[in-house]
Amino acid sequence: MFTKEQLKAQLAEMGLKSTDTVLIHTSLRAIGPVENGVDGVIDAFCEYLSDGLFIVPTHTWGSVSPAKPVYDVRTEMPCIGIVPKVAAFRKDGIRSLHPTHSMAVFGNGAAEFAAGEELQTTPAHPNGCYGKIFDRDGCILLVGVGHQRNTYLHCVDEILGVPNRIT
């Protein structure tokens, strides 16, 4: 079983700094057992990135739709895994207000980082959180998942003007 300190040591071995901005897509199963479960994973990232930002996608595209267009940040459950489901409702984070592609943001400046997501007209708009990751020279960390789960690529598609990118 991994401890929080072991996870933090692994983040240091990767070359991450406490001031970095890191978005994680993860499979908890790929990490393995962690002391305090999902909260232990989130705590390790939050503590390690003490002067930066830790970001977890908390997408709700599976339940918010034209047929059910209401998104309530206080209750809407993410549809993409256990880490997002826990991160979305932690009191030490800020959840953005994008109706289908919200983010839970932890750390210095989290509220400012998440602000304005509800004004974005596409899931990964360059003026929203995804673009802010780029502006901050942030990192995307894939743990136990491949690029098929990397929603940041949708922002790249928008920046490049890739046609038919939203389905």
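Rings of Phe, Tyr and Trp (for Trp, the six-membered ring) are taken to pair if their centres lie within 6.5 Å; planes under 30 degrees apart count as stacked, over 60 as edge-to-face and the rest as tilted. By this rule the structure holds 3 aromatic pairs. The model is a predicted one, in which local features need pLDDT of at least 70 and side-chain atom pairs count only at pLDDT 80 or more, while totals for chains, interfaces and linings use all residues. Residues are numbered from 1 along each chain as its sequence is written, and side-chain values use heavy atoms, with hydrogens and water left out.

**Aromatic rings**

Select Phe45 and Phe54. Their ring centres are 4.6 Å apart and their planes stand at 15°, so this pair is stacked. Both Phe45 and Phe54 are buried (buried means under 20% relative accessible area, exposed over 50%, partly exposed in between, with a 1.4 Å probe and protein chains only).

**Charges over rings**

Next, display Phe89 with Arg95, then Phe113 with Lys132. A charge sits over a ring if NZ of Lys or CZ of Arg is within 6 Å of the ring centre and within 35 degrees of the ring normal. Arg95 lies over the face of Phe89, 5.4 Å from the ring centre; Lys132 is placed over the face of Phe113, at 5.8 Å from the ring centre.

**Helices H1 and H3**

Helices (H or I, at least four residues) and strands (E, at least two) are DSSP runs, numbered from the N terminus. Select H1 (residues 4-13) and H3 (residues 37-48), which pack at an angle of about 50° with their axes 9 Å apart. Axes are lines fitted to C-alpha atoms, for helices over the stretch in contact, and angles run from 0 to 180 degrees between N-to-C directions. H1 and H3 are therefore oblique to each other (under 35 degrees counts as roughly parallel, over 145 as roughly antiparallel, 65 to 115 as roughly perpendicular and the rest as oblique). The contact (heavy atoms within 4.5 Å) involves residues including Leu7 and Leu11 of H1 and Val41 and Phe45 of H3.

**Two loop residues**

Most residues other than glycine have a negative phi. Turn to Asn36, a residue other than glycine whose phi is positive, near 70°. Asn36 is located in the loop between helix H2 (28-31) and H3, and counts as exposed at 63% relative accessibility. Finish at Asp137, also not a glycine, with a positive phi of about 55°. Asp137 occupies the loop between helix H6 (129-135) and strand S5 (139-143); with a relative accessible area of 67%, Asp137 is exposed.
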